[in-house]
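Visitor: I'd like to learn how to read a structure like this one. Could you take me through it, feature by feature?

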Amino acid sequence: MDFGFDARTEELREKLLAFMDEHVYPAEAVAEEQRAALDSPWSTPPVVRELKAAARERGLWNLFLPDAEHGAGLTNLQYAPLAEITGRSPQLAPTATNCAAPDTGNMEVLAQFGSAEQRERWLKPLLAGEIRSAFAMTEPEVASSDATNIETRIRREGDEYVITGRKWYISGAMNPDCAVFIVMGKTDPDGEDIRRQQSMVLVPRDTPGVEVRRAMTVYGYEDHWHGGHAEVLFHDVRVPVANLIGEEGGGFAIAQARLGPGRIHHCMRLIGMAERAIELMCRRANARTAFGRPLAAQGVVQQWIADARVSVEQLRLLVLKTAWLMDTVGNRGAHTEIQAIKIAVPREVVGILDRAVQLHGAGGVSQDFPLAELWAGARTLQLADGPDEVHQRSLARRELKRFAPAQA
């Protein structure tokens with residue numbers, strides 16, 4: 001395993017670090033002010049569009065997509081340090097570089113499984129950052145950690161599919177620029193193979209019967225920066241059969257293919273969030289005095305900072321190993337490591353952010369620092385893309401199988 005970054009990665013790192021310092025960090029306060037003045041809190045602040053233009057001009061665009069035809073053509077190992085940098089400002093940097101979820105996963109699905117017509121109509125404007133999208137999978141009435149539980153129905157009638165169901169926490173759906181949903185539902189609910197019952201279809205947002213009912217909050221945050229997390233109803237929504245992605249019954253497999261890269265991308269950005277938290281902790285500790293001594297001289301504060309640094313270095317190595325394995329033996333070969341980072345990284349980063357909040361006192365839970373919102377995002381990732389317990393269950397089974405006694 002050689003984790004020495006190549007010349008292209010180093011060049012992009014330097015460009016991205018400069019872009020963050022010169023454009024993204026200064027834009028954070030500006031974006032907040034602009035958003036507060038907009039008619040709709042879900043609209044994109046003008047400064048974000050300026051950031052996108054600046055990122056494209058610098059070649060910092062679609063870095064996540066390994067397909068050189070559509071994206072930057074980077075490997076997972078090359079993209080890892082870049083995604084980490086964008087994680088330091090998760091509200092702006094991923095969007096500014098067109099590397100924000102759920103668009104990234106949706107673009108990967110369209111690039112890998114979409115028809116030529118689907119790629120022309122939806123992938124092309126997504127790659128250009130002209131539209132946004134949403135991925136409609138999670139449902140409120142069932143345990144969506146088991147995708148075979150999904151109840152949304154996709155019924156074929158002649159040359160159309162009719163979609164009926166209720167989804168929630170559909171990221172990006174509140175954004176006015178969201179033009180299309182990828183909807184997962186059951187085309188064969190009574191099929192013998194429970195992993196072949198599901199299919200995915202493209203549903204334009206303006207299709208009759210699509211109702212974006214409300215924005216769900218995340219620990220009280222509406223997450224305007226990522227287009228919210230909506231409850232969406234599909235009332236006998238009709239779309240052409242040509243809107244099917246891949247084949248009928250292929251939805252479960254497509255979802256698994258989509259989630260693998262999504263999980264590691266989240267973990268990459270989480271490390272950047274932890275780095276931002278450590279920086280804020282150090283600056284706060286050096287600037288504040290309590291009980292006659294600087295906070296930086298307090299033993300407990302020193303312990304928090306030291307433990308945070310050790311955790312981040314360990315997590316980064318595990319993520320880089322996972323990225324390397326995905327590049328060399330594929331997602332299936334890296335299955336154990338993908339699950340390991342999905343368990344370890346959000347859990348550890350939540351702890352780092354929690355101590356950073358504590359160090360900032362009342363400021364840590366306020367809107368004057370990014371820590372509370374970062375904590376809410378990191379804590380949510382212990383649920384998103386499969387809750388911790390699902391990954392622990394699967395990983396433990398693999399380990400147990402290795403040492404199971406031979407059958408007589």
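This is a predicted model: local features need pLDDT of at least 70, side-chain atom pairs count only at pLDDT 80 or more; totals for chains, interfaces and linings use all residues.

Visitor: How do I read the two faces of a strand, and which way do the residues of β1 point?

Guide: The general idea is that side chains in a regular strand alternate between the two faces of the sheet. In β1, R132, A134 and A136 point one way, while S133 and F135 point the other way. All of them are buried. Five of the five residues of β1 (residues 132-136) are buried, so this strand is largely enclosed by the rest of the structure.

Visitor: Which strand is joined to β1, and by how many bridges?

Guide: β1 is joined by five bridges to strand β4 (residues 178-186), and the two run parallel. To find one of these bridges, look at A134, whose partner in β4 is F181.

Visitor: What does V345 touch, apart from its close neighbours in sequence?

Guide: Setting aside residues within four places in sequence, V345 is in contact with C267, L270, I271, L315 and V319.

Visitor: How far does α7 reach, and is the helix enclosed or open?

Guide: A helix can be checked by comparing its reach with the span expected at 1.5 Å a residue. α7 has 37 residues and reaches 53 Å from first C-alpha to last, close to the expected 54 Å. Since 29 of those 37 residues are buried, α7 is largely enclosed by the rest of the structure.

Visitor: What about loops? Where do R88 and Q367 sit?

Guide: R88 lies in the loop between α3 (76-86) and α4 (93-96). With a relative accessible area of 22%, R88 is partly exposed. Leaving out residues up to four places away in sequence, R88 touches L17, M20, Y25, G272, M273, E275 and R276. R88 and Y25 are 63 residues apart in sequence, and their C-alpha atoms are 9.2 Å apart in space.

Q367 is in the loop between α9 (335-360) and α10 (371-380). Q367 counts as exposed, at 72% relative accessibility.

Visitor: Which domains does UniProt list?

Guide: The unreviewed UniProt entry lists "Acyl-CoA dehydrogenase/oxidase N-terminal" at residues 9-130. That stretch is 65% helix and 0% strand. The entry also lists "Acyl-CoA dehydrogenase/oxidase C-terminal" at residues 249-398, a stretch that is 79% helix and 3% strand.

Visitor: And how do I judge the chain as a whole?

Guide: Begin with the inventory: 11 helices and 10 strands. Then check the radius of gyration: a compact globule of 408 residues would have a value near 22 Å, and the chain agrees, with 22 Å. Of the 408 residues, 53% count as buried. Finally, look at contacts with a separation of 6 or more: residues 24 or more positions apart account for 75% of them.

Note on methods
Residues are numbered from 1 along each chain as its sequence is written. Side-chain values use heavy atoms; hydrogens and water are left out. Contact means heavy atoms within 4.5 Å. Helices (H or I, at least four residues) and strands (E, at least two) are DSSP runs, numbered from the N terminus. The expected span of a helix is 1.5 Å times one less than its number of residues. Buried means under 20% relative accessible area, exposed over 50%, partly exposed in between (1.4 Å probe, protein chains only). UniProt positions are given in the numbering used here, feature names are shortened, and annotations may be inferred rather than shown by experiment. Two strands pair if DSSP finds at least two bridges between them. The radius of gyration is taken over C-alpha atoms; the globule rule is 2.2 Å times the number of residues to the power 0.38.
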